[in-house]
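Here's a quick briefing to read alongside the sequence and the model.

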Amino acid sequence: MKQIVEKCKKYQFLFEELVKRDFKEKYKRSILGMGWSILSPLLTLLVMKLIFTKFFGKDMPHYTTYLFSGNLVLAYYKESTKNGMSSLVNNAKIFTKINVPKYMFLLSKNVSALVNFGLTLVVYFLFCALDGIHFGFRMLLLIYPIVGLLMMNIGIGLILSALFVFFRDIRYLYEVFLTLITYVSAVFYSVDKFSKTGQRMFLFNPVYVFIKYFRCIVIDGKIPSLEYHALCAFYALIFLIIGGFVYKKLNHQFLYYL
Amino acid sequence: MSVIECNNVGIRYITGDFKAIGLKEYVIRKLKHDYHVKEFWADKDVTFKLEKGDMLGIIGSNGAGKSTLLKAITGIMIPTYGTLETNGTIAALLELGSGFDGDMTVRENTYLRGALLGYTRAFLDSKYDEIIHFAELDEFQDYEFKQLSSGMKSRLAFSIACLVNPNIIILDEVLSVGDGSFRKKSGDKMKEILDSGVTGLLVSHTISQVRELCNKVLWLDHGKQIAFTNEVELYCDAYEEFLMTKKLPKDRLQIEKLAADYIKREEEDPNLRRSY
């Protein structure tokens with residue numbers, strides 16, 4: 001434990017500098033800067049609202065919030081894992097010359113995705129208020145799925161970034177995968193039309209699990225069951241553990257491939 | 001306690017099919033049993049030991065495994081077998097110009113590089129002006145890094161890397177950088193560091209540099225250790241003769257023979273040493 005604290009102290013400065021660099025890289029190149037990261041999910045929301053209200057939103061209360069919840073979580077997941085994937089390869093020039101812990105590059109990418117998510121979250125609450133959602137202390141519970149998501153995203157980022165070093169076509173395969181995830185995450189439709197077993201199948205999709213947690217708290221105003229919390233924790237931990245394991249195992253092989 | 005102890009170290013690279021074939025291709029080749037991985041030993045059975053204040057010159061033709069060995073010492077790579085122990089902070093000057101971010105300013109890059117090298121923020125804050133001044137980039141602090149000339153870039157890299165007082169310094173062909181005046185300045189700075197009792201490793205193709213600076217020599221050839229010795233002059237003579245005749249010495253007798261041949265050659269042609 002003491003070792004970990006010391007290590008954190010040692011690398012804190014590096015971490016801050018990397019985060020700064022990623023931010024500059026991200027926002028310097030667009031005129032809209034941070035505004036864009038709010039505008040882009042809003043545009044998605046607008047289009048979805050215009051199109052899908054007719055098909056799915058007629059008899060669903062708070063359909064805007066329903067859509068936004070899905071988009072919010074999904075967009076965070078996508079951004080975080082996609083940026084995470086290239087974090088090792090993009091910094092190869094550095095860590096093949098200087099001895100630094102490579103996971104730093106992934107963590108700093110995750111921070112910028114998290115900040116982006118935070119910005120969108122503020123807008124999300126704004127929309128909730130407009131949509132007539134009642135606010136209460138239960139909203140504080142949203143920290144639970146957010147931490148869970150963060151852990152899962154880091155874990156998946158570890159796995160993907162390692163794989164991306166070895167197989168450069170992962171990028172395209174993952175794009176396909178992301179499209180699939182979008183359709184099976186019930187972003188714009190409700191799972192109620194499926195059978196009981198069908199609805200259960202959705203729980204195999206960790207992104208959906210986190211989306212559902214959000215909707216449960218925000219729209220239904222209910223606190224999910226303990227089992228449901230356990231499921232979130234399971235997904236967060238399993239990916240983080242697998243990611244850590246993969247990273248540890250392949251850490252010293254990256255150099256051969258870059 | 002030795003500063004660096006390298007015990008029977010071997011480093012293997014993996015080469016072969018895998019590079020850039022992609023996951024789909026990989027799976028298909030695996031299924032067809034058509035997937036091949038080749039091994040390549042960059043270093044084999046390398047053993048040496050350095051005490052405080054030692055300066056080791058690593059010599060050998062291209063592909064001898066010099067840079068790989070340096071990477072292992074900095075901890076970027078780990079040896080496939082054998083043990084490698086280092087005691088103290090390491091400053092490694094490997095291929096200086098790379099790893100900077102072209103879109104960031106000189107100031108931002110200085111901080112980022114410093115952080116990568118393991119400096120603290122307080123240390124950098126106190127040294128920043130000195131770094132910029134030494135690199136002669138006072139007027140360029142807010143320029144984007146990509147706008148600098150390549151000479152300026154390596155000047156900055158050199159200045160950042162050399163401002164610490166490391167216990168171990170690793171130099172890969174970077175003894176002096178920049179144009180005439182900076183070359184002298186960086187050379188002086190280097191000497192100052194080397195005189196401070198630091199332990200050093202130097203890879204150089206300029207043998208006169210090795211003769212001048214080093215008290216020990218490690219000779220590698222295709223990953224194999226030909227010699228680790230403190231008879232610098234004798235082995236440098238032999239090495240220079242080897243460079244011309246390409247005959248690898250097998251034992252002590254042949255080393256002496258090579259060295260003698262070189263001295264004879266040098267007597268016949270006094271310009272020889274300068275030409276290297």
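## Quick tour

Of the 276 residues in chain B, 38% are buried. Keep in mind that this is a predicted model. Chain B has 10 helices and 9 strands, and its C-alpha trace spans about 65 × 60 × 40 Å along the principal axes. If you take the contacts in chain B between residues at least 6 apart in sequence, 69% of them join residues at least 24 apart.

**Strand E8 of chain B and its partners**

- On one pairing, E8(B) runs parallel to strand E3 (residues 55-59) of chain B, with 4 bridges joining the two.
- In that pairing, B:Leu56 sits opposite B:Lys216 of E8(B).
- E8(B) also pairs with strand E9 (residues 224-229) of chain B, this time antiparallel and through 5 bridges.
- Here B:Leu218 faces B:Phe228 in E9(B).
- The hairpin made by E8(B) and E9(B) leaves 2 residues between the strands, and B:His222 takes a positive phi near 50° there.

**Helix packing in chain A**

- A pair of packed helices is described by the angle between the axes and the distance between them.
- For helix H3 (residues 63-85) and helix H10 (residues 206-218) of chain A, the angle is about 140° and the axes are 9 Å apart.
- The crossing of H3(A) and H10(A) is right-handed.
- From H3(A), the residues involved include A:Tyr66, A:Val73, A:Leu74 and A:Tyr77, and they meet a set in H10(A) that includes A:Phe210, A:Ile211, A:Phe214 and A:Arg215.
- Sorted by class, this helix contact has 9 nonpolar, 3 polar and 1 charged residues.

**Helix H7 of chain A**

- H7(A) runs over residues 143-166, and at 1.5 Å a residue its 24 residues should span 34 Å; the end C-alpha atoms are 35 Å apart, which agrees.
- The helix is mostly covered, with 17 of the 24 residues in H7(A) buried.

**Where the two chains meet**

- On the chain A side, 24 residues are in contact with 28 residues of chain B.
- Four helices of chain A each supply at least two residues to the side that touches chain B: H1 (2-28), H5 (92-95), H8 (170-184) and H12 (254-257).
- H1(A) gives the most to that side, with 7 residues.
- By class, the side of chain A that touches chain B has 12 nonpolar, 3 polar and 9 charged residues.

Note on methods
Residues are numbered from 1 along each chain as its sequence is written. Chains are lettered from A and ligands numbered from 1 in the order in which they are written. This is a predicted model: local features need pLDDT of at least 70, side-chain atom pairs count only at pLDDT 80 or more; totals for chains, interfaces and linings use all residues. Two residues are in contact if their C-beta atoms, placed from the backbone, lie within 7 Å. Ala, Val, Leu, Ile, Met, Phe, Trp, Tyr, Cys and Pro count as nonpolar, Asp, Glu, Lys and Arg as charged, and the others, Gly among them, as polar. Axes are lines fitted to C-alpha atoms, for helices over the stretch in contact, and angles run from 0 to 180 degrees between N-to-C directions. A crossing is left-handed if the near helix is turned anticlockwise from the far one by less than a right angle, and right-handed if clockwise. The expected span of a helix is 1.5 Å times one less than its number of residues. A residue is buried if 20 or more other C-beta atoms lie within 10 Å of its own, exposed if 12 or fewer, and partly exposed in between; C-beta atoms are placed from the backbone. Two strands pair if DSSP finds at least two bridges between them.
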